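Hello,

I am passing on the structure below for you to look over. My notes on what was found come after it.

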Amino acid sequence: MRAAVLHKTGQDTLDVRDDVVAVGFGPGKVRVRLRAASLCHSDLSAMSGVLPHPAPFVPGHEGAGDVVEVGEGVTDVAVGDRVVLCWMAPCGRCTHCERGRGHLCVASLRRLGAPGFRFGAESGFVEASGFYGTGTFAEEVVVDRDAVVPVPADLPYEPAALIGCGVTTGIGAAVHTARVEPGASVAVIGAGGVGVSAVQGARVCGAGRIAVVDPVASRRERALAFGATEALAPEELKAAAKALPGGGFDYVFEAVGRSATVRAGYDAARRGGAVVVIGAGAQDDLAKFSMGELFFNEKRLLPSLYGGAPVPRTVALVVELWRAGRIDLAGMITHRVGLADVNEALAQMRGGEALRTIVTLD
């Protein structure tokens, strides 16, 4: 089959090959024929090493397709089911899972780098993993049962692919983590796919004012179509916050993943407000706060991982919101490429041109 492989961390381009095989099928496993994948900025972060992942690997973690085979012991999904992939599959047995916080389960991380593919039969097989146990830049994957979430058959593959990470992360952060109240003032720093999803989540919650902040004018203007009420350049955020009652926003969502924007978000929140951190950043990028300001301002720092709730629960919420016409998934897709042109999609993401690029796998 065809798949895109990153041979070495730090490389800018992927090797699209026709000699890749999905491996590891057996008890508790599911084989999925992927139909659409979406490019997320986290894929770029893994390729560059910001998000650690052993190479070689097949990037991609937002994907949708059909179950074509189930292993022994798998009884709750069947051949023909439409599914999206979950890049942090919960084990169902740990303390987090037992407490209903399966999105915090790290069991899948212990398998990071485990073989999911092999390629290069002519010169001797080389094993490769799938990004965080998935690897959606491939026509087929073999994953743990818990790494797939069934979705309705009437949900098209392309919008379904978006739900695998970015949309779930952004909407869940507003609904589950922040629990934005009707009429609240909200700022979203970063107008990429996750930021736009946070905008939509805040709108669904009934926020009265939603300011989107991004250095790229076209990106912040585009966010207005998804529910933002105003678009600000980064240098305009401070003045906009001070002009609000209470001297800041009720909620600030940081969807970039950098300490500087977390700090800017903290400064833009009112006393007693909340800064919701949803951007995936580097382990050595440290945000700095004084003990005095943390105590005196009582601003809440709320990290939100993968939507802040069990992934199947948030996926179900997103599907119902889509079905009711309350969120726009199709409008988030700005570009489409075939798998052979996946490097074009990487360039679109790096340049800020794309909100979400769909990689078609038919």
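The buried residues of helix α1 are S42, D43, L44, S45, A46 and M47, where buried means under 20% relative accessible area with a 1.4 Å probe, counting protein chains only. Helices here are DSSP runs of H or I with at least four residues, strands are runs of E with at least two, and both are numbered from the N terminus. Six of the eight residues of α1 (residues 41-48) are buried, so this helix is largely enclosed by the rest of the structure. The buried residues pack against β4 (29-38), β5 (57-58) and α11 (342-350), with contact meaning heavy atoms within 4.5 Å. After α1 comes G49, with a positive phi near 100°.

The model is predicted: local features need pLDDT of at least 70 and side-chain atom pairs count only at pLDDT 80 or more, while totals for chains, interfaces and linings use all residues. Residues are numbered from 1 along each chain as its sequence is written, and side-chain values use heavy atoms, leaving out hydrogens and water.

E62 lies in strand β6 (residues 62-70) and is buried, with a relative accessible area of 0%. Leaving aside neighbours within four places in sequence, E62 is in contact with residues including S38, T136, G166 and R356. The backbone nitrogen of G166 lies 2.7 Å from a polar atom of the E62 side chain.

Helix α4 (residues 166-178) packs against helix α10 (residues 311-323) at an angle of about 95°, with the axes 10 Å apart.

Regards

Notes. Buried < 20%, exposed > 50% of the residue type's maximum accessible area, 1.4 Å probe, protein only. Polar contact = N/O pair within 3.5 Å; in protein donor to acceptor, adjacent residues only side chain to side chain. Axes fitted to C-alpha atoms, helices over the stretch in contact; angles between N-to-C directions.
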